[in-house]
Amino acid sequence: MKAAFYEGNKTIVVGTGTRREPGPAEVEIKVAYAGICGTDLHIYHGHMDHRVKLPQVMGHEMSGVIERVGGEVADYKPGDKVTVKPLGPCGECPACQDGCSHICHRLQFMGIETDGAFQAYWTVPASTLHRLPDELSLQHGAMIEPLAVACHDVRLGQVAPGEYAVVIGGGPIGTLIALVARAAGARVVVAEINPYRLQLLEELGFETCNSKERDLAEYVQEATGGKGADVVFEVTSSLAGAEVMTKLPKVRGRIVIVGIFSKPVPVDLHRFFWRELQLFGARVYEHEDFEQAIQLAASGELGLDRLISEVYPIEQIQAGFQQMESGSGVMKVLIQCN
């Protein structure tokens, strides 16, 4: 079968992979589509070479159809449409014992520590599967994993109808957060500087603030009559995002950290004291977030088609990474694996 191997130094080679017979509690999936995400780009840039074993098959946002099942698998059968929650918790650490296996102390992430979805067939534990409804296209099915991230973020942010939400960063995850928050009944403004993304967000019906041209804190104060936002999502992982996020919430407002800050950054803790703000960290997702993501995607109300910028065959995966890397004129790139 065909598989795409990351070999280091921003190089991905499409070659011959080996299909693996599913074990008793595993299934083999014929992969339809797999999305390129920010984590894949970090690997591509060499920032995660300490976690991957070269050559590495990346990819964890995917959809497909079950090809074979192990002898102990009773809930799934060949022909079922599925997606994968790509987490491998240890089941033994304090986080797992407390019911928080998604933030396991020794979490193995499929597509990073183990082989991922950029291959024609992928064998995974049946416990990682989520069933896709017939009415959901396989292209949209490949969007479920990042949509589940957004569902998790919005749930932890406790977004309620009628609230004012600010999303700092209008990339793929930020846009999905905006869509989920709007579906929850919030009024949403997205701060972004990329012209393509600003135009797309406006076409999707969102208020936007180009923070290169307009002070975001002033914009939010004017829009809320001086009250401030109910909830703020920081999705940029930037110093500027960390600086402005504390200026936006109302008294007892909420901030959700979605972006991954690899190094400590200055944060205005006096503002937390002065306004009794609440800060939430949000990492990946839980079972209920995947189920909500599937329900929202199947409803058709989110407009996921508008987020898919390009679909490349697996033979052209390097071009897909280069387009995502450019950041211009692109939101989400899918790889067709079969």
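Where does K10 lie, that is, in the loop between which two elements?

Mentor: K10 lies in the loop that runs between β1 (2-6) and β2 (12-16). Helices and strands here are DSSP runs numbered from the N terminus, a helix being H or I over at least four residues and a strand being E over at least two. This is a predicted model, in which local features need pLDDT of at least 70, side-chain atom pairs count only at pLDDT 80 or more, and totals for chains, interfaces and linings use all residues. Residues are numbered from 1 along each chain as its sequence is written, and side-chain values use heavy atoms, with hydrogens and water left out.

Although K10 is not a glycine, its phi is positive, at about 55 degrees. K10 has a relative accessible area of 36% and is therefore partly exposed; with a 1.4 Å probe and protein chains only, buried means under 20% relative accessible area, exposed means over 50%, and partly exposed lies in between. S237 is likewise not a glycine and has a positive phi, of about 60 degrees. The loop that holds S237 is the one between β13 (229-234) and α8 (239-245), and S237 counts as partly exposed, at 31% relative accessibility. A further backbone feature is the cis peptide bond from L54 to P55, whose omega is near -10 degrees. P55 belongs to the loop between α1 (38-44) and β4 (61-69).

The aromatic rings come next. There are four aromatic pairs in the structure; rings of Phe, Tyr and Trp (its six-membered ring) pair if their centres lie within 6.5 Å, and planes under 30 degrees apart count as stacked, over 60 as edge-to-face and the rest as tilted. One of them joins F273 and W274, a tilted pair at 5.9 Å centre to centre with 55 degrees between the planes. Both F273 and W274 are exposed. Y285 and F290 form an edge-to-face pair, 4.9 Å centre to centre and with 85 degrees between the planes; Y285 and F290 are both buried.

The charged end of R19 sits over the ring of Y121, at 3.7 Å from its centre. The ring of F206 has the charged end of R182 over it, 4.0 Å from the ring centre.

Key
Lys NZ or Arg CZ within 6 Å of the ring centre and 35° of its normal.
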